[in-house]
Amino acid sequence: MTALEPGSTWVVWLIVSPLAAALIAFLLPRVAAAIALANALFMGVAALALLDLVTEQGPHRYSLGGWGAPLGIDLYADPLSGVLLVVAAVVVLATLFYSRDYLARTAIGPLFWPISLFLHAALNALLLSADAFNLYVTLELLSLSAVALVALADEQRAVAAALRYLLASIVASLAYLLGVALLYHTAGVLDLAALAERATWTPATWAALGLMTAGLAVKGALFPVHFWLPGAHSYAPSPVSALLSALVVKAPFYVLLRLWYAPFAGAPEAVGTLLGLLGALAIVWGSLQALRQARLKLLIAYSTVAQIGYLFLFFPLAQSRSALQGVTVFILGHALAKAAMFLAAGNMHKCLGHDRIQDLHRVARELPVTLAAFAVGGVCIMGLPPSGNFIGKWLLIEAAFAQGEWGWAVVVVAGGLLSAAYVFRVLGHAFTVDDKPVDASGAPASMAWAAFALALLALTLGVFAAPLIDLIGGPGETAVAHLSSREP
Amino acid sequence: MLYSLAGIALFCIALRAVILATAPLRAILAVNVMSSGVFLVLVALARRTPGLVADPVPHAMVITGIVVAVSATAMAIVLTQRLRANVSAPTVEDTPGAGP
Amino acid sequence: MTWQAALPLLVLASSLLPGLVIFALPERSRTLRTALNLSGAVVKLFLVVWMLWQSGQGVHYELRAALLPGLDLVLRSSELGLFFVVLSALLWLVTTIYAVGYLEDSPNRSRFFGFFSLCVTATAGAALAGNLITFLAFYEMLTLATYPLVVHRGTAAARRAGRMYLAYTIGGGGVLTLGTLWLYSITGTLEFVPGGIVAPFVDRNATALSAAFVVLVAGIGVKAALVPLHSWLPTAMVAPAPVSALLHAVAVVKVGAFGLMRLVFSTYGVEAASGLGLAQGLAVVAAVTIVYGSLRALAQTNLKRLLAYSTVSQLSYIALGIALGGAVAATGGIVHLVHQGLMKITLFFAAGNLAETLGVHEIRDMRGAGRRMPWSMAAFTLCAFGMIGTPPMAGFISKWYLGIGAVDSDAAWVVWLLAGSSILNAAYFLPIVWAIWFEPPPEQWPHDKRSGRAETSLMLLVPTLFTAAMALAVGLFAATPYSPLEWARLIAARQYAP
Amino acid sequence: MNAAAWLLLLVPLWPGLLALIFHRRIPGRLVTMTAAVPAVAVCLYPPAAAEVVYPWLLLGTRLGASDADAMFLLFTALVWLIAAGFAHSWIKGAGRERFFVFFLFAMAGNLGALIAQDMPAFYACFALMSFSAYGLIVHKTSEKTRHAGRVYIVLVLIGEAALALAMILAAGTLGTTEFAAVRDGLGTSSSRDLIIGLAVLGFGIKAGAPILHVWLPLAHPVAPAPASAVLSGTMIVTGLVGWLRFLPVGELALPGWGSAFVIVGLAAAFYGAFVGLDQRDPKVVLAYSSVSQMGIMTVGVGTILLEATLVTPVSLAIAFFALHHGLAKSALFLGAGLARSAISTDRRRTLLIGLALPSLALAGAPLTSGMLAKSALVASDAALPDRWATLLQVALPLASIATALLMARFLLLVYQGASAAGPRVGKAPWVLWGLSLLLVVVLPWWVGPAGLAPMTAPDVLAGLWPLGAALGLAVVAVWVWRQAGRPSIPALPEGDVLLPLEWLFINTGRFFGRSSAGAAAFRKRLLNGAAGERRRAWALVQRSGHAEAWLTRWQVALVLALLLGVAIGLAAMG
Amino acid sequence: MTNPERDTLARLARFGSTLAVALVFAGLAFAMLSLPAEPTGLAAAVRAELPGTGAANPVTAVLLNFRGYDTLLEIAVLLLALLAIWTMRRGQLRPQRDPGDVLESLASIQAPVMLVVAGYLLWAGGSAPGGAFQAGGILAAAGVMLVLAGSGWPQRLSGWPLRVALVLGLSAFICVGVAVVLGGQEFLAYPASGAATIILVLEICATVSIAVILLDMFLSVLRGRASRTDTTASIDQP
């Protein structure tokens, strides 16, 4: 695999291109938007090309600096990272497209573009990373760019939320880093595949697991340490909320997933059950909190808290292949749907001047496309067919049934019902008669359609998810096998 | 080994300070101490056995870590300043997510 | 591979595409919207009839798309599905005409007709679904597409009804999902095949299969309005009359009843369902529903609420028919799908005519309505008698077959139930009929809207009379070849063929 | 389909079509009267085949009018024909169109039922007739008609339900819908007695069997004269026809059911007469007379059930009796109607003489149709087991005496009641009434079944004694009454046993009403409880905000994160 | 919430956190003590590959060659942080009030010295401890001192020159990396012959960027202080 195959540099371009674009966007603010959009388009192409590559040729390793792990740093791409890269590109593209008109109606300066490009770079780098310490760096780059974007909303609460997010994130990163230190001094390597081979199940590994999981749980806003999320996701500018909820918050989970298959593959069942329980609690608690919010964006933010819970149901069910498949499809579906909902909420916010749910009926007639986007996104969040979330939930329940643990299945379904409750609490206002419509010029068509396109993708994801599902953890291949099948 | 234990201690004491901090600046300072603890652990363990050459990889990690910590600290300080500065009046007067 | 291979998809598209376009239409382009609606409905009818004809020639269509590993989305033209889809296509056309007339000058028509079309798309999809997961998908789609119609008026009552509707149907959908997966975890397939898929597992997984059946019935039973999952239906009557027609006759509850058929006939298979004692349980639930619905109907003072409770009761005839475990009873149940649809849609149309033309909603205001609106009220009367089970109306045929089937299946108690239920039906319908024809009309109707020479707009009257005539015709000519009854007989025979 | 098939189909179809076409404006008298013409035509030109099958209609319909059915059809059609013409000028004012719609539908149902040879078709026609007749009864809106209508409709419903049950059980167990096959196979049916019992109940309501007869004396007086004529002359006979169709007559002997029929029939014959005697309204008297006469026909059915071999002569005899009764009773009702109109003294005499004719016929006077009919019924008694034969030989003449008394009472009441105060009527009703009288006199002799015993002088004399006895009894009774100081005899209420029945019905209803009110209250409590739970749950959700506020505090959250790490670390130890 | 309650809660939090932290310490210490005494790291591998890296100092080799990618991202983090700070920058930088003679003279002496030290650190980084970050830090410190001493010229670096200086380090990394890729090698794989030169160039560029970024961060904080008002802030949501 060390031999260079044609086109295998896609992994490099996926990281370098957004970085370079960020520099250009910084230097030339006037073309920043164009650069960012062009980059996002290119990222989409590159991610698809990479996905095609790993589908055709199997998992793909790229040794940076030519040294190769464990001495150097390897990039690693498999279908899992491939599909996540694709969906990241899609969401970023739609969000940035949306942002062009959004920014024109706010005081947010052109620095938005380079920062969002850094965020995309960090995300791609994280998804392609195969090195425990490099993951730390990418996590930091991601967190800092996310914080920076949140702080763009020039508003007291947003700044406070950003600060909270930043501090929580630093503390979590440090816990993770300490974990990395322990792992390195146990196994002497940083490459995940190498760690998987050399890691022993010793107290240091236990501690590392505790530290890293706790850190990643904070960053990933798992209940009960979701404290920073509602504020940061709801007070941020709407396109930022979309990026955060759709992509950024999934990154720590992805890292945990990778670790779960590498150094912590030997973790006892109790750890998985514990994480699963927290996930189940997150589903219930997040949904209940969403149900009682008076503000739309807070509702959506709490919905994210709940939906993150589903991801963690993976851990108790990890033995079934369909659990990984389910969680992957779920991430895709949630990313698209949640981004759509936040973008739609942004439109309503822009038109109304606020996002109080009880006043939403005033925009209902003026913003049909926006509303449709929100509704479709909401339907996906509920997990109704044929959305990706439905497929994801289906596979999770299948895994639960396969392992005979029906409790998780009930949680999955109950979460869907709860989400229906809060989604329709909003949609109920769409059908209320009102005579005082507002001016809809705050949300031009481009913004509405960007949201709608994402929602539609989320809804139809289930229809074309089948080939993706087959890729993930295909027969005889699991993420572990990918990582350890590295040639020395 | 002693240094690494000291690092852990630093980490833990600072963590407690972070938890109890109410003012952001205190928290920022504490976080920096925490990171020092982590770096101390990394570096101390790199030379576990006296006499042997220190492992350069943890050192490099520490340097990278320091840069990251500096960046984050700078951001945190500016954010704190922004928070204290009387920014534009809040436009959203609703109750936040937490609270009845 | 010709265009015909995509026929099931075209059937869906014929209502989906007009629906999507209608969403985008501005409110004032009435002609275009109506044209789209009607052409969609006509095309759909043509397509399903074509498909039916081809099916008669032995040509069957099947479309598959992979959804999950080992699970496909399947659209297939089966006899049972075609039976249902023809009904819904026909009634859709009629209801569309009616709705165009009914909603004249009311706001949000584009939204209304858009969701209306989606609703029918979902129904057609559920009818043509070739496996349980496809059915589930369209079942959920139907839930969502109907919600905006229920809350269409936008009033507080409408929203309350909408909430209740959702609470029940979404909950039902969730339960159905769980049951589906449970079943899947046992059988490893969800395909609809005559005779069912569970037979090989009956010996080993009897308990799990039974429990899954209960869960599945609980999921589907919400839409089929089985007691105690029925409460949403009477509440949803706040919706405009065409929506009620859609809920009660064309789409929602019908999909529920159809789902029960699919569950018993195509998933569990008659043999397994009876063998495990599940069908018998279903029969008991249906019987309770029949009696309870009628009793509740007796207590109603609002016409549409009464009709809604009547639906609760009538719908369970279908469930009863399929649960009795004999071909004859099944024939009665299957054919009641059509018969109940025709009769109930007429009743709702007539009630709508009253509401729209005279502003009459309560039963006590219906006095003497026969003099003012003889045609609508004649249609109402005819179908009320049909509901009671008086020949030669459609309802008689259903009850006749159910009764004979019950005797056939050694469940003579059902015959008594039918008789008792008929008397209850009479007890709540006949006073209304009496008031319509024998009481003097009031000096002043609540909101009399005179419209030309006819008693009401022809767009409202013609569909009403058409469905009433159909309800009479399918009863009167029940034994004719190609009648719903003959068709139902054929389907039932297939299910019970050794 | 050939012409005969079309003609049969037209029997019910034509009146129905007329009703639909002319529901807004009634056509001329002659057009109205054509409604019954197809039925008459069928009798005149009977179809070659016993049954014509219409496989496309309903569940495969069979129509036919052979033998006894033709006789039933003939008089029914004629009575309807005359009644239609009569009604055309009789019914006036508001609701006239409605009356005719119901009238024609009832006619369609009645005629159709007589030719229907399969259960669904019969049931359909029977129901059409029964429900339409409601419209005839309540034509004159008043509290009295409403009451009559209510009683009628409740009994109709019970009857329909019983019939539906009987038919479904029969069809279910025997696998056929044809009456012929049901008659054949009913004996083998597992639920034979249940089916027969239900059929007895269902048709008995129509036929006015004792206790089930209560609607008759209520409905007849309130209905307009032509409506009463068809109700009493033809419609109640449909119940009898139903028995003959449905019960296994001629197939097997059912001694139990046969005895029941005979006894119940005799009871009805006497009971009807006695209660009728104590009535004040001539139309009520006629109604009770119908109960009584139907009782005699019921006895006929009983004899066939006792002795299967008697089926051909007795069913013909019953048909003939029905013909006689139908013609006579309709003539009486029309006349009773005329008696209430404004008439001159001349006309009153004509009326009384005219009414005497059918009255005598009913009483079985010699040379009348009654004589013929009764002798036809009695003729077969000899074939019965001895005790039944003896009973009937004693009872039937006694019934004749009772009828004669009843008729006398009727004539007396008409005589007393006639006045010049009633509404004016034209000539046409009188002409049609005359026509009906003519039919009473002529038709029985014309269609008289060939098998009937020839009329000899001794027979005529024998036929006279019951009349004489009746006369004697009447004289004695009047004498006794006068001797007793002309006490006022309390009138039995119309519908006699209805009172306790209604009391029972209403109180049962009240009971259920109370319990349903209790159930409603319980339901309401339940719903309120549920609403309360929902509110509490929602309040809990709202209050969870406090917990969330606590959870999201910096210190709490970080401690939780710490604990999470510790917990994971501990869990990792395994 | 009343004060006593708050106090109770605070005490509870203090006690709880102390307990929890103690628990964590115990766990971590246990883990630490259980580590194998034998170092298991990559020191040997680094030593073995050192000759081909173009750097004599193993730490520098790791930083710029073996794990040069980390360093690239690290500079990106630094730049990003600055951009983030810029988005929040408000107000004008007021000149420092009379820094005093001592500081002024000290600065004028020390600044050139620090420049030299930075240059040395950069140069020595190749073989001994030191390198771009250290050099950049010293340079930035010099700038800070000049600013504090009232010198205006660090602020004069603005506009295009400033922006170019800021992105220099990251750009250099990217350019080198991309150039190598275009040359058919892996990203950031330096040809053995030119490795030393490349590393030097990269270090110089990185030093400049790091220095400017750090200095600018400091200036931004100064501006923030200038516009501060008297409200208290807390980590908890307002």
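Reply: Happy to. Helices (H or I, at least four residues) and strands (E, at least two) are DSSP runs, numbered from the N terminus. This is a predicted model, where local features need pLDDT of at least 70 and side-chain atom pairs count only at pLDDT 80 or more, while totals for chains, interfaces and linings use all residues. Residues are numbered from 1 along each chain as its sequence is written, and chains are lettered from A and ligands numbered from 1 in the order in which they are written.

Me: Good. What is the handedness of the crossing where H12(A) passes H18(A)?

Reply: H12(A) crosses H18(A) in the left-handed sense. Helix H12 covers residues 269-291 of chain A, and its axis lies 9 Å from that of H18(A) at an angle of about 15°. Axes here are lines fitted to C-alpha atoms, for helices over the stretch in contact, with angles from 0 to 180 degrees between N-to-C directions. H12(A) is therefore roughly parallel to H18(A); the cut-offs are under 35 degrees for roughly parallel, over 145 for roughly antiparallel and 65 to 115 for roughly perpendicular, with the rest oblique.

Me: Which residues in H12(A) and H18(A) meet?

Reply: From H12(A), they include A:Gly276, A:Ala280 and A:Ile283, and from H18(A), they include A:Trp408, A:Ser419 and A:Arg425. By class the contact of these two helices has 10 nonpolar, 4 polar and 1 charged residues. The classes are Ala, Val, Leu, Ile, Met, Phe, Trp, Tyr, Cys and Pro as nonpolar, Asp, Glu, Lys and Arg as charged, and the others, Gly among them, as polar. Two residues are in contact if their C-beta atoms, placed from the backbone, lie within 7 Å.

Me: And at what angle do H16 and H18 of chain A pack?

Reply: Helix H16 (residues 368-382) and helix H18 (residues 406-427) of chain A pack at about 165°, and 8 Å separates their axes. So H16(A) is roughly antiparallel to H18(A). The crossing of this pair is left-handed. A:Ala375, A:Gly378, A:Ile381 and A:Met382 form the H16(A) side of the contact, and A:Ser419 is among the H18(A) residues there.

Me: Switching to chain B: how do H1 and H2 cross?

Reply: The axes of helix H1 (residues 2-20) and helix H2 (residues 24-46) of chain B come within 7 Å and cross at roughly 165°. H1(B) is therefore roughly antiparallel to H2(B). Their crossing is left-handed, and the contact has 19 nonpolar, 4 polar and 1 charged residues.

Me: What is the mean pLDDT of chain B?

Reply: It is 81, with 81% of chain B's residues at 70 or more; pLDDT is the predictor's confidence in each residue, from 0 to 100. Residues 87-100 of chain B fall below 50, and that stretch has 37 contacts in the model beyond near neighbours in sequence. Where pLDDT is low, predicted coordinates should not be read in detail. Chain D averages 87, with 97% of its residues scoring at least 70. For the complex, the predictor gives an ipTM of 0.90 and a pTM of 0.90.

Me: OK, interfaces. Which pair of chains shares the most contacts?

Reply: Chains A and E, out of 8 pairs in contact. The interface involves 45 residues of chain E and 55 residues of chain A. H4(E) gives the most to chain E's side, with 13 residues. That side has 28 nonpolar, 11 polar and 6 charged residues.

Me: How many residues do chains D and C put into their contact?

Reply: 24 from chain D and 22 from chain C. On the chain D side, H7(D) gives the most, with 10 residues. By class, chain D's side splits into 19 nonpolar, 4 polar and 1 charged.

Me: How far apart are the closest C-alpha atoms of chains C and E?

Reply: They are 34 Å apart, and no contact joins those chains. Chains B and C have no contact either, with their closest C-alpha atoms 24 Å apart.

Me: Last one: how do strands S1 and S2 of chain C run?

Reply: Strand S1 (residues 62-68) and strand S2 (residues 71-76) of chain C run antiparallel, joined by 6 bridges; strands pair if DSSP finds at least two bridges between them. C:Ala65 stands opposite C:Leu73 in S2(C). The two strands form a hairpin with 2 residues between them, and C:Gly70 in the turn has a positive phi of about 85°.

Definitions and conventions
Left-handed = near helix turned anticlockwise from the far one by under 90°.
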